[in-house]
Amino acid sequence: MDTDLSSGGPSHLDAKMAEQQPQIPIAENAHLHLHYTKPSTEWNQALPIGNGRLGAMSHGRTSTELLQLNEDSVWYGGPQDRTPRDALRNLPKLRQLIREGRHSEAEELVQTAFFATPSSMRHYEPLGNCYIEFGHEGVSEYRRALDLSRAVCETEYMFLQSTGSTNVSGKKVKVKVNRQVIASYPDQVLLVRVTTSRKIKLVVRLNRVSDIEWETNEFVDSIHAEGKCIVLRATPGGKESNQLALVVGISCDDAEKGGSVESVGNCLIVESAACTIAIGAQTTYRTADPEKTALEDVKKALNQKWETLLDRHVADYRSLFDRVSLRMWPDAPHIPTDKRIKDHRDPGLVALYHNFGRYLLIACSRDSHKPLPANLQGIWNPSFAPPWGAKFTININIQMNYWPVAPCNLFECALPLIGLLERMAKRGEKTARVMYGCNGWCAHHNTDIWADTDPQDRWMPATLWPLAGVWICIDMMKLVRERYDRALHERLAPLLEGCIEFLLDFLVPSECGRYLVTSPSLSPENTFISNGKPGIFCEGSTMDMTIVGMAFEYFLWTVERLYGGHHPLAESVESVTLAPVQINDKGLIQEWGLKNYDESEPGHRHVSHLVGLYPGNTLRSEEETEAARKVLEKRAAHGGGHTGWSRAWLLSLHARLKDAEGCGNHMDLLLRDSTLPNMLDNHPPFQIDGNFGGCTGILECLARRWESPIQVAGVTLLPACPKAWSRGKLMGLHVRDGWTISFEWEDGRIVDPVVVRNTEQDGNPISVEYPDGKIAVARGFGKHEIMYADVKAGDGACGNAR
């Protein structure tokens with residue numbers, strides 16, 4: 001029996017399609033295709049599309065197609081006032097308990113005085129579902145694919161159509177169906193194009209229901225069809241929620257030949273051989289009248305030809321995606337993607353994973369009016385109760401979402417995060433003042449659409465950590481440093497200054513009196529053992545002190561660059577002595593700062609004390625990098641990397657240690673154990689951060705971009721390239737200061753020529769280090785070709801040994 005259409009589930013017609021499909025000719029850009037021989041039967045098999053604000057998961061079904069829709073401002077509830085008002089008067093006592101090692105008492109005090117009420121911020125919700133009822137039987141030659149080169153999701157198949165209206169046993173003919181789905185940024189709508197070799201009938205419906213199959217509640221205010229449009233209105237629960245309007249409209253190219261759209265019973269009935277379905281949505285977050293604006297978006301789109309809409313979409317997308325490209329061999333693009341992930345994880349699949357990561361970032365984080373950054377699930381969420389609320393988790397996850405920005409030259413995609421950071425800085429002033437008695441601003445380990453900065457959850461190992469905002473701020477300042485933009489620097493400088501004000505007030509003398517440290521402090525989500533008992537809080541965890549040190553470094557650089565070396569806070573910053581990284585008698589970096597605590601969970605998914613190795617660059621000495629290596633060996637011996645994002649982080653950490661085969665192993669495990677059939681990251685459940693961490697980690701294996709304190713552009717080629725990645729081509733990698741690099745390799749050797757380009761007239765030179773240590777230097781604007789025979793032995797600054 002078919003699944004009820006209200007659930008959008010697959011019918012037996014989809015499920016019984018033959019395993020074996022006819023051989024399809026391999027397209028020229030097949031290496032950029034995710035493709036499958038069956039429709040999706042669940043969300044984890046559906047394919048994502050997005051324009052930064054609107055997103056959908058396309059299932060490619062032949063009986064009833066399901067598009068699960070999202071709009072990034074559809075959240076439960078409005079702003080809240082949750083700041084713990086008794087925290088400040090209990091702060092001295094908490095610090096004393098931590099110093100005296102009275103951990104259970106410290107945690108009891110935190111639970112009563114420092115946790116917020118309500119304990120949770122707002123959470124992200126689905127926009128709704130669009131169902132397209134085809135009812136196609138006798139399906140053959142089925143194929144669905146996501147073309148990363150054009151950001152087009154396509155479904156093709158043949159089905160048997162009866163030529164008679166009443167004679168069930170009458171003649172049936174094969175009809176070819178082609179469906180394309182895109183998320184247009186220029187036109188701010190989702191678009192479905194349906195073309196067939198003969199006129200067909202289809203029915204379009206909207207609804208807003210749970211993804212739980214047995215759930216029957218509809219989370220809507222109204223659904224009304226009129227003319228050629230359906231309008232769904234809804235108000236997510238909670239005070240001051242953003243009201244939403246979801247609109248679908250349809251136009252037929254063959255109206256003069258009998259093509260038609262009719263509204264019946266709040267659905268649209270279409271008879272056509274060529275129609276375009278436009279889906280628009282808005283909320284009161286961005287417009288006072290969401291229905292009016294969404295209707296205008298849909299009508300403007302439908303007034304254009306499909307070819308024009310498609311061309312505009314592809315041109316806009318390729319202006320970002322084509323900046324970088326990666327291919328690797330051996331490659332087997334003819335094998336369906338789900339089968340490749342399971343059984344054929346060749347280097348070509350690794351390259352596809354990287355390219356998919358760039359596609360996802362473009363699809364879920366674009367600058368626009370009041371933009372929002374990629375959340376824990378990007379923009380793709382089917383649930384009214386998503387894991388961890390699909391919030392912005394900022395103790396590693398959202399930071400990881402934006403790791404690809406600089407190397408992939410997608411700086412525009414970070415602007416939504418900067419916009420949220422600006423709102424967090426304003427909101428965080430109250431959090432800093434009321435909770436800690438500090439100037440400036442701070443934020444804890446989560447935020448939401450309203451830029452909430454108060455503690456989230458009542459989970460001791462994560463909730464009370466006020467340095468998350470500082471971490472985002474230094475990550476954004478790092479982008480400015482890598483491709484300098486004075487206007488953006490001036491925009492970020494006040495935010496960083498607010499972080500510095502907070503830190504200068506928040507730091508306290510260490511127990512030994514030699515350093516300033518953070519307190520309360522923790523290592524995100526981890527627990528230690530002290531005198532046989534578990535503990536959470538410490539003074540100056542290694543991660544904290546690394547973040548503080550980087551914040552001070554970027555602040556002093558900002559003072560020199562923007563203020564001519566003069567700023568009221570500069571002298572105070574320069575006078576601070578921070579606790580250095582501690583290495584214990586086992587040669588391991590101590591996670592909880594000056595205290596040599598044992599770990600409660602040696603294989604923990606977070607590797608927070610190595611943030612200075614990656615994404616930072618503060619662990620530089622041979623002693624420090626060797627200690628980091630031992631930390632990773634211990635984590636691995638106890639099952640570390642068991643979540644998707646954690647495995648992706650390990651990939652970059654091993655790349656920084658030049659561990660090529662370790663990188664190859666972690667990449668294979670990321671694909672094998674933590675990648676869904678649709679190539680999205682599996683925490684489990686789905687979290688998008690692993691896709692972005694893996695995307696960046698692959699590049700770290702192939703090209704190490706030199707960072708501070710080296711003040712020139714530079715890159716080391718193939719620092720940690722696994723032997724299995726025997727041949728490849730990386731084009732357009734952004735290095736720094738307007739420089740990009742393109743190169744090919746085969747069997748560990750660079751193939752001539754290496755091409756570097758400089759887009760800045762007065763930029764710095766670039767240094768290119770070959771695998772054997774020789775260094776080439778190029779200067780000046782434009783394109784430069786470097787031949788290995790002309791390269792001299794390197795004796796200058798090297799990006800890997802400082």
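This is a predicted model: local features need pLDDT of at least 70, side-chain atom pairs count only at pLDDT 80 or more; totals for chains, interfaces and linings use all residues.
Strand E6 covers residues 137-147 and strand E7 covers residues 152-162, and the two pair in the antiparallel sense over seven bridges. E6 and E7 make a hairpin, with four residues between the two strands. Within that turn, Ala-151 has a positive phi of about 60°. E7 also has a pairing with strand E8, residues 172-184; this one is antiparallel too and runs over ten bridges.

Now turn to a pair of helices. Two packed helices are described by the angle between their axes and the distance between the axes. For helix H2 (residues 87-99) and helix H3 (residues 103-113), the angle is about 165° and the axes are 9 Å apart. Angles over 145 degrees count as roughly antiparallel, and H2 and H3 are therefore roughly antiparallel to each other. The crossing in which H2 passes H3 is left-handed. On the H2 side, the contact is made by Ala-87, Asn-90, Lys-93, Leu-94, Leu-97 and Ile-98. H3 contributes Glu-105, Ala-106, Leu-109, Val-110 and Ala-113. Sorted by class, the H2 contact with H3 holds eight nonpolar residues, one polar residue and two charged residues.

What is the order of the strands in the open sheet to which E20 and E21 belong? Three strands form this sheet in the order E21-E20-E22, with antiparallel pairing. E21 (533-535) and E22 (598-599) are the edge strands; each has a single partner strand, so one side of each is left without a neighbour in the sheet. Looking at one of the pairings in detail, E20 (residues 528-530) is joined to E21 by three bridges, and the two run antiparallel. Ser-530 is the residue that stands opposite Lys-533 in E21.

In UniProt, an unreviewed entry gives "domain: Glycosyl hydrolase family 95 catalytic" for residues 306-702. Over that span the chain is 49% helix and 5% strand, and its end C-alpha atoms are 40 Å apart. The unreviewed entry also places "domain: Alpha fucosidase A-like C-terminal" at residues 715-761. This span is 0% helix and 66% strand, with end C-alpha atoms that lie 20 Å apart.

E26 (residues 739-746) and E27 (residues 749-758) are joined by seven bridges and run antiparallel. Trp-745 has Ile-750 in E27 as its bridge partner. E26 and E27 form a hairpin with two residues between them, and Asp-747 in the turn has a positive phi of about 50°. E27 is joined as well to E30 (residues 782-786), by five bridges, and these strands run antiparallel. To find this pairing in the model, look for Val-754, whose bridge partner in E30 is Ile-786.

Notes: Residues are numbered from 1 along each chain as its sequence is written. Side-chain values use heavy atoms; hydrogens and water are left out. UniProt positions are given in the numbering used here, feature names are shortened, and annotations may be inferred rather than shown by experiment. Axes are lines fitted to C-alpha atoms, for helices over the stretch in contact, and angles run from 0 to 180 degrees between N-to-C directions. Angles under 35 degrees count as roughly parallel, over 145 as roughly antiparallel, 65 to 115 as roughly perpendicular and the rest as oblique. A crossing is left-handed if the near helix is turned anticlockwise from the far one by less than a right angle, and right-handed if clockwise. Contact means heavy atoms within 4.5 Å. Ala, Val, Leu, Ile, Met, Phe, Trp, Tyr, Cys and Pro count as nonpolar, Asp, Glu, Lys and Arg as charged, and the others, Gly among them, as polar. Two strands pair if DSSP finds at least two bridges between them.
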